[in-house]
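Here are a few exercises for getting to know a new structure. Have a go at each task yourself before you read the solution.

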Amino acid sequence: MNFFVGLDIGTTGIKGILVDEDGKIQAIEGERLALFTPQPGWSEQDPQEWWSAAKEVLKKLSQRAKQMNGEIRAISTSGQMHSLVTLDENGEVLRSAILWCDQRTHLQCEKITQSLGGEEKVLQRVGNSILPGFTLPKILWVRENEQQIYEKIDKILLPKDFINYMLTNEIATDHSDASGTMLYNIFEMNWDREVLKVLDIPREMLPKIVASNEIIGRVKKDLCEELELDERTIVVAGGADNACAALGISVTEPGDIMISLGTSGTVLGPTLGRDPDPEGRVHFFAHTVSQTRYHMGVTLSATYSLEWFKERFLNADYQTINEEVQKIPIGSNGVIFLPYLNGERSPHKDPHARGVFFGLSSFNGKWDLVRAIFEGVAFGIRDSFEVLKEIGICAENVRITGGGSKSPVWNAMLADVLNTEIQKPLIDEGASYGAAILAFSGFEGVDPAEISKTWFRIKDRTKPQSENTEKYEKAYHKFREIYRTLKDLFRPNT
């Protein structure tokens, strides 16, 4: 029997799933990862820890495949976007990876934008505003602050591409991940020569770009023995985590919308168009599906907002949290939460924004605050949802994924806040399932979008309640007004 692996290199862990030729999941394995914060606003991880964890997961999945009298035929990866991995000429890691959520590079972002002729010119070249999370400003930060390390850099990779390199010794990336670096011309679908020239970054530092379902090589022989893999096992390029998550729930064409409610929250809508948001409020990236792009809004602290509050102030499990939140009326008894604990991406592009509880009185209890967190995250999602509608993205099939989607309370809240039906997939394994689709696609030579449609099933649907939608509308408008009022006060030295 033939099996296929989707391996996701996430921020909190490595997750691998084993699927058969019908897309049925036969095994799931995972390993936790540590995240380092050397200074406030900094976020780093050790790529070698990713690799150790990935090997553990792959070996366990290979053993499971053998127990079912089968072999893993193809592996594909998805991974956290934007994070910077630097290798020297011997393929050794030079420093810890600077992650997507790292906020140290706002000065480099300003310099890059000015060097490229301003915000409008930047959008015309790369389709996105230059923000601290992206790869390009991280490269400049290393050059300006760690010159000795920068001078040793031979290759720059993204997290999933580093794992692929360790598996095959091949240096490559795909369009979906490349488009999140800000070194990629979203219109020409290649590295942007002008950006490289102006910022003096050698083209040779960057990997070749291939299709997400392209075979980049076979697993190295010594690794096949170590991981108990067949020597014919191929590695398929894979894709960026959000693009793979969208593929995994068949969000591949105009009219489909993905809401991912994870550590960060995203709203993603595919398009066949070529125009980014003229104001750069939402991102414009390449999909894992050929000739398809997508607009995406990101709220940086979605379920993380709840996890932060739970770990520091709340002694309760998630079942209790959901039960208690449901008892609190819409509007959280006057409390409104801005979920900007680590700045915000969409639509504000504001690294200085911070979390706020507004409207507290002596009447309020802890569950009012917890419900306010649920509502504040939903409002942050709506901010991006509204921008996508404004730029012409239709919302015919809205599907939800991510850890937060396990909460029926949050699902119902989002349906009401967005005033749209929310579809819950039968298989909800996020980016790793999309990566498994790419592994099968590369092995069989079949369009990944067609496989996605064939494997996708809806588990249930949550419809909006009009009376709830009206109540949320008032709170949402106050939520937006609070940010506008506080925006300038968030800035340093204000």
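This is a predicted model: local features need pLDDT of at least 70, side-chain atom pairs count only at pLDDT 80 or more; totals for chains, interfaces and linings use all residues.

Residues are numbered from 1 along each chain as its sequence is written, and side-chain values use heavy atoms, with hydrogens and water left out.

**Exercise 1.** Find out how far apart the closest N and O atoms of E44 and R104 are, and whether the two residues are buried or exposed.

*Solution.* Start with the rule: a salt bridge needs a side-chain nitrogen of Lys or Arg within 4 Å of a carboxyl oxygen of Asp or Glu. By this rule the count comes to 32 salt bridges. Now take the pair itself: the closest N and O atoms of E44 and R104 are 2.8 Å apart, and the two form a salt bridge. This pair links distant parts of the chain, with E44 in strand β4 (residues 44-45) and R104 in the loop between β7 (97-98) and α2 (106-115), 60 residues apart. Helices (H or I, at least four residues) and strands (E, at least two) are DSSP runs, numbered from the N terminus. Next, check burial, where buried means under 20% relative accessible area, exposed over 50%, and partly exposed in between (1.4 Å probe, protein chains only). Finally, look around: a network of salt bridges links E44, R95, D102, R104 and E146.

**Exercise 2.** Work out which parts of the chain the salt bridge between R480 and D383 ties together.

*Solution.* First, the distance: the side chains of R480 and D383 meet at 3.9 Å, N to O. R480 sits in helix α17 (residues 466-490) and D383 in helix α13 (residues 366-390), so the bridge joins parts that are 97 residues apart in sequence.

Now step back to the two helices. The axes of α13 and α17 come within 10 Å and cross at roughly 80°; axes are lines fitted to C-alpha atoms, for helices over the stretch in contact, and angles run from 0 to 180 degrees between N-to-C directions. Angles under 35 degrees count as roughly parallel, over 145 as roughly antiparallel, 65 to 115 as roughly perpendicular and the rest as oblique. That's why α13 and α17 are roughly perpendicular to each other.

**Exercise 3.** Decide how α15 and α16 are oriented to each other.

*Solution.* Begin with the geometry: the axes of helix α15 (residues 431-444) and α16 come within 9 Å and cross at roughly 125°. The two are therefore oblique to each other. For the contact (heavy atoms within 4.5 Å), Y433, I437, L438, F440 and S441 in α15 meet P448, I451, S452 and W455 in α16.

Helix α16 (residues 448-455) also holds both E450 and K453, three residues apart, about one turn of the helix. These two form a salt bridge, with their closest N and O atoms 3.9 Å apart. E450 is partly exposed at 42% relative accessible area, and K453 is partly exposed at 38%.

**Exercise 4.** Describe where I393 is found and which residues I393 touches.

*Solution.* Locate I393 in the loop between α13 and β21 (395-401). Its relative accessibility is 9%, so I393 counts as buried. Leaving out residues up to four places away in sequence, I393 touches I257, G269, P270, T271, H295 and L388.
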